[in-house]
Amino acid sequence: MAVRHRLIHAAPNRVWDVLSDASRYADWVVGTSDSHAARGRWPELDSALEYTVRIGPWSVSGTTVVRRVDAPRELELEVDSGPVGTARVAIDVRPWGAESLVIVDEHPLRGVGGALHNAALDALIQLRHRDMLRRLADVVEDHAGASAHESV
């Protein structure tokens with residue numbers, strides 16, 4: 001089970017502002033170099049975005065579909081990474097005083113990732129999530145700081 005959390009020093013609506021912006025997906029999702037809305041209005045139910053992962057001279061495209069949403073608290077995604085398979089990624093944003101506790105829970109569903117799912121794979125996902133949550137915090141906290149300065 002790959003579950004990780006992080007306290008983000010901003011209100012839940014600030015976290016949701018970033019999660020609900022399809023063009024910002026690449027800012028916080030590790031390995032993603034760009035993203036854009038592909039279907040529907042992100043993050044409405046069944047909407048999708050396309051993303052690109054670049055590794056040296058190679059690039060792979062993927063799709064992420066919203067499977068469940070309860071704004072501004074819960075976002076469940078199905079990430080399709082082509083030959084690697086699909087994964088369920090649930091993001092839970094909880095108020096924690098004036099801040100947000102963000103919990104990410106990921107499980108491979110189909111393809112190679114689903115077939116080979118084990119404790120070692122979960123450990124790798126944990127490492128990726130640690131960096132992803134750090135990046136999300138950086139984006140949200142920078143955005144929250146910029147908004148506070150704009151309102152002065």
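Let me start at one residue pair: Ala 48 stands opposite Val 65 in β4. The strand names follow DSSP runs, numbered from the N terminus, where a strand is E of at least two residues and a helix is H or I of at least four.

A word on the model. It is predicted, so local features need pLDDT of at least 70 and side-chain atom pairs count only at pLDDT 80 or more, while totals for chains, interfaces and linings use all residues. Residues are numbered from 1 along each chain as its sequence is written, and side-chain values use heavy atoms, with hydrogens and water left out.

Back to the strands. β3 and β4, the latter covering residues 58-70, pair in the antiparallel sense over 8 bridges; two strands pair if DSSP finds at least two bridges between them. Their hairpin has 2 residues between the strands, and Gly 56 takes a positive phi near 60° there. β3, residues 48-55, is also joined by 6 bridges to β2, residues 32-39, and these two run antiparallel. Here Ser 35 stands opposite Tyr 51 in β3.

How many aromatic pairs does a search of the whole structure find? It finds 2. Rings of Phe, Tyr and Trp (for Trp, the six-membered ring) pair if their centres lie within 6.5 Å; planes under 30 degrees apart count as stacked, over 60 as edge-to-face, and the rest as tilted. Tyr 25 and Trp 28 are edge-to-face, at 5.7 Å centre to centre with 70° between the planes. They are about one helical turn apart, because they sit 3 residues apart in helix α2, residues 25-28.

The rings of Tyr 25 and Tyr 51 have centres 6.0 Å apart and planes at 45°, so this pair is tilted. Since Tyr 25 lies in helix α2 and Tyr 51 in strand β3, the pair ties together parts that are 26 residues apart in sequence. Tyr 25, Trp 28 and Tyr 51 form one aromatic cluster. Tyr 25 and Trp 28 are buried, and so is Tyr 51; buried means under 20% relative accessible area, exposed over 50%, and partly exposed in between, with a 1.4 Å probe and protein chains only.

Last, the backbone. Most residues other than glycine have a negative phi, and most peptide bonds are trans. Which way is the peptide bond from Trp 42 to Pro 43, cis or trans? It is cis, with omega near 0°, and Pro 43 lies in the loop between β2 and β3. Asp 46 is in that loop too. Asp 46 is not a glycine, yet has a positive phi of about 75°. At 42% relative accessibility, Asp 46 counts as partly exposed.
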